[in-house]
Each structure stands twice: as structure tokens, then as C-alpha cells.
Amino acid sequence: MRPASLRAQQLLSLPLLALLSPALRLIPGSPAAAAGRAAWLSPLAALPILLLYLGFLCLFCGRRGPEEGLAELCLRCLGQRAGRIFLLLAGLWLLLFAGFSLRAGAERCLLTVFPHASPAVFVLPLALLALWAALGKLRSVGRLARMLLAPLCALLLVLLLAALPNLHAGNLLPVTLYELPAALRGSPPVLEIAGILLLCPCFFLDRAESLSFRGAALSLAGALALLTLLSAAVLGNFGAALTQKLRLPFFTLVRNLVFFRSLERVEALTVSLWVFPDLVLETLLLRAAARCLRAAFGSSGTMPEEPRLSLRGGRWLLPLAALAAAGIALTLAPDARSFARWSDELIPTWNLVFLALFPPVALIGKLRKKI
Amino acid sequence: MKKALLLLLCLALLPALAGCGALRAGSVEVERLQLMQTMGLDPEGEALRLSLAGQGSILSGDGANITAASRALRAQASEKLLLTGHLRHILLGAETDAALLETALDYAARSPDLRLDLPVFLLREGRAEELLRELAAGGEDVSSLLDSLERQLETCWRGPLPDAGEILAGLLTRGCALVTALTPCPAAEDASRRSVAPAGYALISGDGVSWLDEGEALGVGLLDGRHGVCELTLSLAPYRPATLELEAGHSRVSPLWAEDGSLRALQIEVELEAVIREADERTPLPRLSAALEGAVSEGIRRVFAREQALGCDFLALGERAERAAPLRFRRMGRSFDDCLDALTLELRVHSLLRHANDLEAAP
């Protein structure tokens with residue numbers, strides 16, 4: 001079957017929309033804990049490093065052959081045995097991250113609107129929906145992301161505008177060169193979420209138009225500018241000390257907003273709209289994990305786009321991955337403290353380690369003259 | 001096939017259109033809900049007393065914390081379900097200490113029902129529960145009364161109206177915070193009924209509660225930059241007392257440095273714009289301006305002295321001084337709170353009387 005072609009804009013929309021899901025969990029709370037008042041500059045401080053990583057990904061993926069994605073490229077660089085072990089670990093990590101992301105989406109609903117509900121109420125339907133989307137054509141998910149990206153960004157901007165009147169300059173200013181180290185200290189959460197979401201689409205490059213560095217860099221800069229505005233709005237309203245104490249400061253801010261002295265309590269609507277970034281993130285992670293595991297188990301080449309209910313050509317890995325992610329989501333963190341540890345320490349650290357593994361893989365491939 | 005599936009899906013969703021009760025056993029129809037809009041809190045020994053007011057009724061309960069008190073309170077409630085999702089005000093009794101305030105703010109921050117922009121009021125005398133009951137007994141709708149007071153304070157008050165989030169942020173950042181103070185008073189329409197009036201601010205810190213009167217509140221408002229159109233009545237013997245409407249006031253804070261680079265003084269420049277509301281027509285304008293500048297200077301000096309005495313920068317002057325000279329401020333090597341005690345204040349107030357409301361003023 002001829003692979004369906006995903007346009008570059010659709011491919012870029014996938015990580016950009018998915019980014020909105022972890023961004024509102026981590027930003028600006030985590031940067032505020034490390035950077036204090038300068039935390040609103042952390043997304044901008046992360047931009048040069050992310051551009052470097054994007055440049056690396058574009059160069060590395062430029063060496064892939066026909067019908068190859070990032071998984072097959074890594075296999076070629078590392079050789080069959082080491083490559084399969086690497087892809088097995090990468091696949092399992094992406095599965096764990098998918099499970100954690102499912103749980104994080106459920107926690108957002110619990111903390112903001114449904115405090116007495118069970119996480120399973122949110123985890124299981126989202127896992128099913130993500131499986132349904134992952135079993136379908138990637139182009140459909142890309143189109144969905146492209147359609148939703150603009151309205152969700154517009155909604156974010158409206159919310160940020162509504163938050164402007166309560167902004168306290170003292171919570172954000174002054175900004176001097178002395179703030180730069182603090183802003184850099186606050187950048188790892190931005191690096192890990194943006195980095196992992198830039199990496200995931202590279203697994204599907206066999207089905208998409210090639211990514212241009214310029215286009216991807218502009219999209220990345222736009223996304224980070226939006227995150228900077230978002231951080232400034234939250235920090236400007238609450239200050240760094242209160243922001244770092246709140247689990248979901250952005251949604252607390254949304255709960256406070258009143259439009260024209262009459263419309264208020266829009267947080268439930270906003271939280272429900274964030275199901276779409278969750279869905280795209282899950283679909284992206286499930287497909288990337290299945291792609292790694294499929295290559296690790298010896299099936300190389302493009303995963304066929306079959307009818308949804310067909311499980312041929314390694315597609316059986318998708319329902320298995322969704323089941324595993326749902327299982328992880330329901331068992332991962334039994335209490336608030338352990339969830340906070342997973343969210344603030346373990347997942348960010350291991351995501352950064354995971355991202356750091358790809359440049360050595362490329363180097364090994366280069367030394368072995370495989371790329 | 002797809003159309004049939006869609007039709008089936010639509011049919012499956014039809015029960016959802018019958019209202020909440022059809023889907024969820026625990027759901028309650030609107031007429032069985034009692035909307036509570038004001039929360040009153042008083043210390044009660046080691047525990048606290050929670051009062052909820054709304055739709056003409058007041059309910060109170062005791063507990064070790066707000067949730068426990070709320071449980072006790074719900075047990076006494078009638079068949080109606082108390083709905084606290086639209087609480088609009090928090091009213092604290094005069095015996096409130098920092099611990100009770102932190103309990104209230106912690107509850108507001110954690111509760112999915114409450115918002116962090118709820119205005120918080122602290123009574124200068126009496127208990128919150130008693131006041132709520134007296135207001136309700138006099139036929140007052142407590143929430144409406146506090147709502148109109150809030151609107152009045154936003155437009156005509158001399159200073160900011162701190163909300164729960166701002167107070168919480170102040171306590172976390174500076175260890176102290178201002179809370180709007182109210183005092184019970186007889187209602188204007190009927191002296192036998194009760195009402196409430198603004199009474200400056202309560203300053204809450206780990207050391208306890210201290211009070212700022214309305215003159216100091218003016219200083220707070222001018223330094224904070226958030227004040228409405230406030231009226232100032234000035235004694236100007238031998239002329240009749242005059243009332244000026246203070247329409248705008250801007251302050252600029254600049255740090256003044258010693259030769260060794262330490263902070264020695266704060267220079268505060270205040271620009272005022274006012275109009276003459278009521279005055280003896282013989283009163284010379286320079287005399288009016290001087291009296292206005294004197295009253296404002298006194299308010300600012302008093303509130304600055306309170307800040308120094310408490311050793312707590314509740315006016316956020318340190319942040320403003322840092323914004324004015326960030327690099328020198330950073331090189332200072334000491335925190336602003338450490339310097340506060342020894343700082344001198346250089347205050348300049350300049351006023352402009354814009355007009356005299358269509359009546360010729362004296363030259």
C-alpha cells in the first residue's frame with residue numbers, strides 16, 4: 001500500500017498541539033521553583049538549546065533512507081543487536097511516558113473540576129480514543145491537530161488578555177542580565193517537553209513531507225513565545241512564591257477570570273477543551289512507542305495503514321501499547337506526593353536523558369559509516 | 001454503516017438530555033439547592049466557627065478546620081443542599097490571627113469551588129457570625145450588602161482591595177499582608193439596623209494583627225497606585241472645611257544611595273490631581289493645595305513609619321526601588337528588609353487642583 005503523505009504543516013501541528021497538554025501542567029510552576037521571578041523568561045531561555053537540538057534532528061533525519069523513520073535510522077546506526085535493545089528501551093520509555101501523560105490529563109480534570117471522581121473515568125476513555133486515532137490514518141490526526149491548533153491558541157490568547165488587568169509589574173520586573181542564569185535554571189521543564197515532542201514526529205517521517213529547519217524553527221519560536229506570555233500572565237498575577245505552590249497555576253488563573261463582570265467560572269470549559277491536546281499527545285506517543293517496539297521485534301519498514309480493525313503488519317502492538325499505557329496510568333502514582341515526584345522529577349529527568357541519547361546514536365552511526 | 005452507527009450514538013445520548021437527575025443518582029435539582037455566598041470565620045478556642053450566609057439564612061458550625069466545621073454545619077441544614085461554588089466574600093471576625101487567616105487562604109487555594117480573587121474582609125470589632133446574624137435579622141441580604149460595599153470600595157476607596165490570592169502571595173513573599181478592615185455600624189436608613197463601613201486595613205503578620213486607619217489607607221493607596229476617586233475633607237480655619245475629590249495620584253519611588261553603595265533613603269514623589277467638591281469661596285487655592293499636600297504627606301509618612309516599625313515591606317517599596325535601579329539594588333548586598341529600619345524618607349508631594357466644579361474659586 002502506498003504510504004499516505006502527511007504535509008509538513010500537519011506534521012508540525014502534531015507536536016505543537018500536543019505541547020499544550022504538558023505545558024500547562026509544568027509551566028510556569030516548575031520554572032518558578034527554580035528561577036523565581038525570572039521564570040517567565042525560561043521558555044525564551046530554552047529557545048537556543050531547542051534550536052540546536054532541532055538542527056541536529058533535521059541533519060540526522062536528513063540521512064534516512066526511503067521508507068525509513070527515526071526508529072529504522074537508529075537501527076541502521078547502531079546495528080541489529082544494539083539497535084534493537086536501544087529501540088526496545090526507547091519504546092518502553094515512550095510507553096511509560098504515554099501512561100504518565102494519560103494520568104496527568106486525568107489529574108488535571110480531578111484537580112480543577114471533578115475532585116471526587118476516579119482517575120479511571122478519564123484514563124480509560126482517553127486511552128480508547130487515542131487507540132482509535134492511532135489505529136486510523138496519521139494524516140487524519142495531523143488534520144485534527146492543524147484544525148484545533150489555531151482555536152486553542154486563540155483561546156489561550158483571550159484568556160491571557162483577560163488576565164492582563166490584574167498583572168502586577170513587581171511580580172515580573174526588573175529584568176536585567178542577572179536574571180539570565182535564573183531563567184536558564186528554570187528552562188529544563190521547557191526543554192524536556194518541547195524536545196520530546198519535537199522528537200516524536202521524526203518517527204513518522206517516512207509518511208510525511210520532509211521537515212525544513214526554517215519552518216520548524218519558526219513554529220518552535222512561536223510556541224515558546226506563547227509559553228512566555230502564558231508564564232508572564234500567571235506569574236504577573238500570582239507572583240513566583242504562590243505560583244510554585246499551586247499544582248496547576250494556569251487553571252487557577254482561569255478560575256479567577258471574569259469577563260465583562262458577568263461571565264465567570266470558565267475553567268470547566270477550558271479544561272474540557274484540553275482533552276484535544278491530550279488526545280493528540282497520546283496518539284503521538286502510542287504510535288511512536290509502537291513504531292520503536294515493532295522495529296525492536298524485527299519488523300522494519302513503514303507500518304502499513306490498514307483498516308482500523310486490522311492488526312496485521314505489527315499493528316497488534318497498538319492495542320497492546322494502549323492497554324499498557326492505561327495500566328501504567330492507573331497504577332503509576334497512588335498518592336499526590338508520588339504523582340508530584342513523577343511529574344516534577346522523574347519524568348522530566350528521564351525525558352532529558354532520553355533526548356540526550358540520540359546525538360551519540362548519530363555519532364556512532366557516523367563512525368560506523370552507516371549514515 | 002457509518003450513518004447507522006452515528007444514529008445509534010445519538011440515540012444513546014438521548015437520556016443525557018433529560019437533566020442531571022436522569023444520569024446521576026446524587027444530582028440535585030436547582031430548587032433544592034441553597035446558594036451560600038458569604039463565608040464568615042471566627043476563632044473558637046483551638047477550633048474555628050464557620051458561618052455561611054445566603055438566600056436570607058445563616059448557618060454556623062464548629063470544627064477543627066473549615067472542612068470539619070462545614071460538615072457540622074451541613075448536618076444541621078434542612079433538606080436543601082448547600083452550594084458553595086459561588087461564594088463571593090470571606091468575612092473574618094476581629095479575633096482573627098495569622099493562623100486562622102492562613103487556614104482560610106489554604107482552604108480557598110485548595111477548594112475547587114472557591115476562587116482566589118475572593119475579597120477578604122476583617123472586622124475591626126465583633127464576631128463575623130454575630131454580624132452576619134444581625135444583618136440577616138435586619139432583613140439585609142448579606143451578599144448584596146457586601147457586594148455593594150465592594151463596588152463602592154473599588155470606585156471610591158482610598159486604597160487597594162486585596163483578594164485571597166494577593167493576601168496569600170503577600171504572606172508567602174513578605175511574611176505580612178494587608179486585609180481590608182470593616183467596622184459594624186448602624187444602618188443609614190434605620191439606626192436600629194446594622195450595617196458595615198470601611199475602616200482602613202488590618203496588617204497581618206506572624207507577630208499578630210495591627211490596624212491602619214483611613215489616613216494611612218490613603219498612603220497605602222497612593223503608594224500602591226490603586227485607589228478610586230476618594231474624597232478628602234480638610235480643615236482650613238478660619239474658612240469653612242473644604243472637600244476635595246482626589247481623582248488621580250501617581251507615585252514614583254527612587255532609591256538614594258550612600259557613598260559606600262548602601263541604600264540610605266527612599267525618595268517618593270507623588271503627583272496628585274483633585275477637583276474642588278465643596279469649599280468656602282474665599283479659600284485661596286494655594287492654601288487648598290497646601291492642605292491637600294499636607295494631608296497626603298502625613299498619610300504616607302505615617303504608613304512608612306508603620307512599615308519601618310514592623311520591619312515588613314507590606315507596601316512593596318523594595319520591589320519598586322529595585323525596578324528603579326535594578327543593578328545597583330542587586331549590588332547592595334543586603335535585603336531591603338534589612339535596610340528598612342535605617343532608611344530615611346524624602347517625600348515630595350505636588351498637587352494640581354484641576355477645576356472647581358463650575359463655581360469660581362478664589363485666586
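Four strands of chain B make an open sheet, ordered E11-E12-E13-E14, with mixed pairing. Strands here are DSSP runs of E with at least two residues, helices are runs of H or I with at least four, and both are numbered from the N terminus. Two strands pair if DSSP finds at least two bridges between them. E11 (230–234) and E14 (344–353) of chain B are the edge strands; each has a single partner strand, so one side of each lacks a neighbour in the sheet.

The model is predicted: local features need pLDDT of at least 70, side-chain atom pairs count only at pLDDT 80 or more, and totals for chains, interfaces and linings use all residues. Residues are numbered from 1 along each chain as its sequence is written, while chains are lettered from A and ligands numbered from 1 in the order in which they are written.

Inside the sheet, E12 (residues 242–257) and E13 (residues 263–278) of chain B run antiparallel, joined by 14 bridges. B:Val253 sits opposite B:Ile268 in E13(B). Helix H9 (residues 285–310) of chain B lies across E11, E12, E13 and E14 of chain B, at about 145 degrees to E14(B). Angles run from 0 to 180 degrees between N-to-C directions, with axes fitted to C-alpha atoms, for helices over the stretch in contact.

Now the helix pair. H4 (residues 98–110) and H7 (residues 164–174) of chain B pack at about 120 degrees, axes 10 Å apart. B:Glu102, B:Leu105, B:Ala108 and B:Ala109 in H4(B) meet B:Ala164, B:Ile167, B:Leu168 and B:Leu171 in H7(B); contact requires C-beta atoms, placed from the backbone, within 7 Å.

How values were computed: Two residues are in contact if their C-beta atoms, placed from the backbone, lie within 7 Å.
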